[in-house]
Amino acid sequence: MKEIKILAIVLFFTAVTYWGVEPYAHSQMHPHVAPADFSFKDMEPLHVNGNVENGKALVEANCIACHSIKSLGQEAPMSFEDAANAYGVVPPDLSHAGVIYDKNYLAGFLKDPVGATKLLHKFGDTKPYAMPSYTFLSEQEIADIVAYLGNIVSTKASNKVVFEEACGRCHSIKYDGFKAQTPTASLKGYLGAEAPDVSMMIRSKKAEYLNTFINEPLKMVEGIAMPRVGLTEASQEQVVAYMENVGDRKKAERESLGLKLIGFMAIFTLIAYLWKVKIWKEVE
Amino acid sequence: MAEIRKSEGFIDWLDQRLAVKAFMRVMMTEYWIPKNINFLWAMGVVLVILFGVLLVTGLLLLMYYKPDINLAFDSVNYTIMQEVEYGWLWRHMHGVAASATFLIIYIHLFTGIYYGSYKKGREMIWITGMVLFIAFSAEAFSGYMLPWGQMSYWAAQVITNLFSGIPVIGDDVVIWIRGDYVVADATLTRFFMLHVVLLPLVIIVVIAVHFYSLRFPHVNNQDSVEFDFDAESKKFLDGDKKESKVVPFWPVFLSKDFFVVGFFMTIFFALVCYHFDFAMDPINFEPANSMKTPAHIYPEWYFLWNYEVLRGFFFDIGGMAAMDIGLIAFVIANIVFMILPFLDRNPMNTAPAHKRPIFKYWFWLLVCDMIVLTVYGKLPPTGMNAWVGFVAAVIFLGLFIALPFITKHEAKGDEQ
């Protein structure tokens with residue numbers, strides 16, 4: 001009985017120390033921020049239904065001069081290197097753009113790219129953003145483009161494809177052999193900072209942080225060069241899942257082996273206990 | 001040479017050449033341990049097991065780790081964690097065992113203080129134990145740097161910089177330790193050597209001395225009572241096992257240790273497989289970047305109390321720079337436990353803390369103060385936090401200054 005009391009005291013002080021060093025310190029150093037908001041309330045919602053056919057014509061007239069749509073076999077007019085030299089950053093492929101990005105965000109982005117990405121602190125008149133604003137288009141035309149982009153591919157993009165289209169222009173993930181499309185030097189000139197390799201981000205930042213961060217980077221880090229990506233909740237989950245798969249590849253093995261190791265030690269403990277009782281019976 | 005006759009078997013063959021039976025008697029079956037001890041006395045054996053885990057997993061990691069600033073991070077996070085079969089297991093076991101070792105060391109240390117195991121003839125056990133603590137600290141610090149993560153790098157930068165506080169030669173000492181003007185490849189390579197060769201050797205030797213120092217004064221017990229080990233062990237050997245106050249190390253004492261070790265290792269593997277990150281700072285999964293300082297720099301949890309004593313003195317006092325006062329306090333904090341046997345001036349009272357009238361308050365105040373220091377050692381040192389740290393650091397030093405006086409006073413009470 002006395003030993004149980006001692007164990008309780010030891011566990012109590014250990015727990016208090018752990019609580020102070022982990023959850024409490026974390027709460028003090030990383031004040032709580034509102035969770036990811038996928039409703040994109042600051043974006044004015046589209047009031048009209050888009051026309052896919054008209055959207056196709058608009059995209060062909062306005063977008064493919066810079067963007068590729070690989071799912072339709074349309075390659076980009078320039079190589080990654082040339083595009084990076086010309087624009088500072090490689091323009092994204094549009095195959096899944098209409099699906100992985102929120103519709104209202106996409107419409108808002110077409111009207112005001114810098115505002116939608118929340119990069120006003122990085123880009124302006126003196127340093128123009130690569131993507132021009134399409135405010136001269138009507139509400140209907142914007143809706144048409146969004147409708148067409150959402151109609152290009154019928155199959156769901158894999159986790160890796162979502163990552164490549166949404167993040168791969170700037171971020172490498174070398175533990176999966178993926179190199180950022182934009183060369184590092186161009187990106188540094190364009191954003192004013194290098195985009196880090198994100199192979200280990202799932203461990204250095206954890207899924208919960210990434211979820212809010214990808215949704216709204218500026219909320220987490222002041223003055224950061226990372227744009228608000230505008231992914232839908234489902235697509236963002238795919239990005240995080242892909243990062244977890246790369247950064248924590250042995251998770252399944254770890255969790256299944258864990259049960260065996262714990263089971264083995266539990267049985268060992270039980271046998272040791274019975275042996276101890278037997279041995280001590282002779283001396284007590 | 002002893003007379004060698006035809007052996008009756010393998011053990012006998014060995015016995016004639018190595019006296020294995022006598023060795024086993026001295027080390028195991030007739031090495032006497034008091035009967036009235038609780039599971040806290042098993043912490044030593046838990047530490048031996050943990051050290052074994054660290055040694056074996058460390059050797060496995062050593063096969064794939066690259067001590068080069070361009071390769072180190074990926075060799076750990078990619079090669080070991082993803083490519084090597086069960087590399088993640090060795091790495092997590094190594095990381096969790098490092099943290100768990102310090103938790104057990106602290107329990108072991110506070111057990112020693114609580115039951116007065118540092119007193120009256122056991123000073124060498126205590127001092128060799130504290131030397132082990134310092135050796136383990138150096139081992140942990142040098143190992144923490146090896147993955148070349150962001151926090152490893154900055155912690156190394158900050159800790160090595162502390163030596164600049166040494167008068168006159170400080171700045172040169174820092175460069176000498178780093179092997180460069182900043183923490184760089186030369187630093188990583190020498191810390192690698194320290195971590196895998198020199199410090200483990202030192203630890204193994206000091207562990208041997210620590211064990212040896214237990215032989216004459218014997219292990220203390222729960223009531224801190226002295227008894228005649230020769231008479232008690234004779235009783236045991238004569239068959240009076242229930243009457244005797246002692247038990248042999250093997251099998252009686254170890255049967256209990258096996259149970260405690262089993263219990264501990266069950267929790268250990270739960271941590272390794274499901275909660276390994278409790279022992280790993282997430283910032284360390286970012287590669288070291290000398291151009292980008294992390295928002296908060298702090299050491300691993302087991303050094304936080306020490307770190308807080310260092311930075312607790314955040315304002316100049318009487319013309320003395322805050323940094324210098326902090327450094328002096330830091331040095332004192334690192335050696336003050338070592339001289340504990342000489343600070344406790346109550347020669348007669350070897351009772352456990354709960355039977356000592358003043359010492360018990362001193363003990364629990366120390367435990368609480370060190371937890372406060374640990375918690376505030378991680379928090380940003382601003383506003384109220386800085387003052388809490390300052391007060392806790394002053395209390396910490398004050399406790400050790402007060403100890404000789406209160407124990408002397410306690411001794412007077414005992415005489416009456």
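Mentor: Burial first: buried means under 20% relative accessible area, exposed means over 50%, and partly exposed lies in between (1.4 Å probe, protein chains only). A:Tyr24 is partly exposed, with a relative accessible area of 22%. This is a predicted model: local features need pLDDT of at least 70, side-chain atom pairs count only at pLDDT 80 or more, and totals for chains, interfaces and linings use all residues. Residues are numbered from 1 along each chain as its sequence is written, chains are lettered from A and ligands numbered from 1 in the order in which they are written, and side-chain values use heavy atoms, with hydrogens and water left out.

Trainee: How are the rings of A:Trp19 and A:Tyr24 arranged?

Mentor: Rings of Phe, Tyr and Trp (its six-membered ring) pair if their centres lie within 6.5 Å; planes under 30 degrees apart count as stacked, over 60 as edge-to-face and the rest as tilted. There are 57 aromatic pairs over all chains. For A:Trp19 and A:Tyr24 the centres are 4.9 Å apart and the planes at 25°, so this pair is stacked.

Trainee: And what about A:Tyr175 and B:Tyr78?

Mentor: Their ring centres are 4.8 Å apart with the planes at 40°, so that pair is tilted. A:Tyr175 sits in the loop between helix H8 (159-166) and helix H9 (184-191) of chain A, and B:Tyr78 in helix H4 (residues 72-83) of chain B, so the pair joins two chains. Helices here (H or I, at least four residues) are DSSP runs, numbered from the N terminus, as are strands (E, at least two).

Trainee: Is A:Tyr175 buried or exposed?

Mentor: A:Tyr175 is buried, at 5% relative accessible area. B:Tyr78 is partly exposed, at 23%.

Trainee: Which residues form the ring cluster?

Mentor: Ring pairs link A:Phe12, A:Phe13, B:Trp41, B:Phe110, B:Tyr114, B:Tyr115, B:Phe363 and B:Trp364.

Trainee: Switching to the interface. How many residues of chain A are in contact with chain B?

Mentor: 52 residues of chain A contact 61 residues of chain B, where contact means heavy atoms within 4.5 Å. The buried area is about 5300 Å², and carbon and sulfur atoms give 70% of that. Buried area is the accessible area (1.4 Å probe) that two parts lose on being put together, summed over both.

Trainee: How many salt bridges between chain A and chain B?

Mentor: Six. A salt bridge needs a side-chain nitrogen of Lys or Arg within 4 Å of a carboxyl oxygen of Asp or Glu. One is A:Lys206 with B:Asp277, whose closest N and O atoms are 3.7 Å apart.

Trainee: Which helix gives the largest share of chain A's side?

Mentor: H14(A), with 19 residues. That side of chain A divides into 27 nonpolar, eight polar and 17 charged residues. Ala, Val, Leu, Ile, Met, Phe, Trp, Tyr, Cys and Pro count as nonpolar, Asp, Glu, Lys and Arg as charged, and the others, Gly among them, as polar.

Trainee: Where is B:Glu286?

Mentor: B:Glu286 is in the loop between helix H11 (249-274) and helix H12 (304-312) of chain B. B:Glu286 is buried, at 12%. Among the residues B:Glu286 touches are A:Ser204, A:Lys205 and B:Gln150.

Trainee: What does the side chain of B:Glu286 make with A:Lys205?

Mentor: A polar contact with the side chain of A:Lys205, at 3.4 Å. The rule is a pair of N or O atoms within 3.5 Å; within protein, one must be able to donate a hydrogen and the other to accept it, and residues adjacent in sequence count only if both atoms are side-chain atoms.

Notes:
Lists of a residue's contacts leave out its neighbours within four places in sequence.
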